[in-house]
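Subject: Structure handover

Hello,

Here is the structure I said I would pass on. My notes on what was found in it follow below.

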Amino acid sequence: MAVTIKEDFELPSKGKVYNKKFDPSFSLRSMTVEDEMKRLAPSQNPYKSMSEIIESCLTEKLPIPVYDLCIGDYTYMLHRLRVVTYGADYKLRFICPNCGKTEDIVVNLDDMKVNVYNDGIKEMMKVKLPSTGHELTLRLQTPRDLDRIAREARKMKEDFPEMVGDPTILLTLQSIIETVDGEAVDQILIKETLKKLPMRDTNIISQLAAKLNSAIGVDTNLHIQCENCGAEVDTPFRYTNEFFGPTI
């Protein structure tokens with residue numbers, strides 16, 4: 001009775017953003033009840049849980065755990081797993097910001113643009129800060145980073161209930177800076193330095209990091225035309241229960 005679908009794909013990074021290059025091709029089988037049970041289980045580390053499900057659906061393991069792939073590769077694998085399991089049609093509810101009309105739309109996940117690696121990405125990782133003059137190299141974030149940031153932010157709030165503000169921005173900056181003026185960063189010392197970093201420099205780092213993370217993988221910006229007023233709207237892709245539980 002066990003019938004699964006298997007399809008072949010290639011990582012959008014082409015395996016070129018890691019310390020050791022590797023064959024970026026991979027095959028995924030469709031999810032089973034066992035996989036869905038794991039997905040629905042409560043978790044303090046949602047990216048780890050989903051990475052393990054993707055890993056279990058690979059017909060052959062990659063040289064790098066899915067949990068340590070860049071976000072672009074991870075998101076691409078997530079979308080491919082959904083298509084292999086449930087098909088490409090994804091229902092979303094859209095509210096037009098122009099006329100306020102609500103409509104149900106269907107996005108074809110296969111039609112979404114995928115950004116693949118190009119040599120310009122390496123240059124995007126280098127930046128000279130305008131205020132402090134420091135020269136940084138940045139790194140692509142991973143699912144492991146995102147879980148760790150959320151976990152440490154929760155702990156900081158628990159340990160220091162009097163804390164004002166959200167520590168996520170500090171932890172995010174810490175996770176994306178690889179070197180400062182050619183020297184590898186000390187993860188403990190840099191946290192204190194970053195607290196005093198001018199916001200002009202912080203803004204540059206944050207925006208570059210966002211561009212880096214979106215330079216590889218599925219383009220999650222949807223272009224939709226409202227059926228009611230005809231307005232053309234760009235809106236971010238949203239994950240709802242329809243993604244891994246499409247209604248019939």
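Glu152 is partly exposed, with a relative accessible area of 26%. In this predicted model, Glu152 forms a salt bridge with Arg148, and their closest N and O atoms are 3.5 Å apart. The two residues are four apart in helix α5, so about one helical turn separates them. Arg139 counts as partly exposed because its relative accessibility is 25%, whereas Asp145 counts as buried at 7%.

A search of the whole structure finds 13 salt bridges. One of them links the side chains of Arg39 and Glu36, again with an N to O value of 2.9 Å. Both residues belong to helix α1 (residues 33–40), where they are three residues apart and so separated by about one helical turn. Arg39 is partly exposed, with a relative accessible area of 28%. Glu36 has a relative accessible area of 19% and is therefore buried, since the cut-off for buried is under 20%.

Which charged residue is buried yet has no salt bridge? That is Glu103, for which the nearest side chain of opposite charge, Lys101, is 7.6 Å away. A salt bridge needs the nitrogen within 4 Å of the carboxyl oxygen, so Lys101 does not qualify as a partner. Glu103 is found in strand β4 (residues 102–108). The side chain of Glu103 does reach the backbone nitrogen of Glu227, at 3.1 Å. Leaving aside neighbours within four places in sequence, Glu103 is in contact with Leu92, Arg93, Phe94, Cys226, Glu227 and Asn228.

Next, the strands β7, β8 and β9. Strand β7 (residues 135–138) pairs with strand β8 (residues 177–180) in the antiparallel sense, over three bridges. Leu138 has Ile177 of β8 as its bridge partner. Strand β8 is also joined to strand β9 (residues 183–184) by two bridges, and these two strands run antiparallel. Here the bridge partner of Val180 is Glu183 in β9. The hairpin of β8 and β9 has two residues between the strands, and Asp181 takes a positive phi there, near 50°.

Most residues other than glycine have a negative phi. Asp181 is a residue other than glycine with a positive value, and it is partly exposed, with a relative accessible area of 43%. Lys14 is also not a glycine and has a positive phi, of about 60°. Where is Lys14 placed? Lys14 lies in the loop between β1 (6–10) and β2 (25–29). At 33% relative accessibility, Lys14 counts as partly exposed.

The last item is helix α6 (residues 168–176). Its buried residues are Leu170, Leu171, Leu173, Gln174, Ser175 and Ile176. What do the buried residues of α6 pack against? They pack against strands β7 and β8 and against helices α5 (143–159), α7 (187–195) and α8 (199–215).

Regards

How values were computed: Residues are numbered from 1 along each chain as its sequence is written. This is a predicted model: local features need pLDDT of at least 70, side-chain atom pairs count only at pLDDT 80 or more; totals for chains, interfaces and linings use all residues. Side-chain values use heavy atoms; hydrogens and water are left out. Two strands pair if DSSP finds at least two bridges between them. Buried means under 20% relative accessible area, exposed over 50%, partly exposed in between (1.4 Å probe, protein chains only). Contact means heavy atoms within 4.5 Å. Lys and Arg count as positive and Asp and Glu as negative; His and the chain ends are not counted. A polar contact is a pair of N or O atoms within 3.5 Å; within protein, one must be able to donate a hydrogen and the other to accept it, and residues adjacent in sequence count only if both atoms are side-chain atoms.
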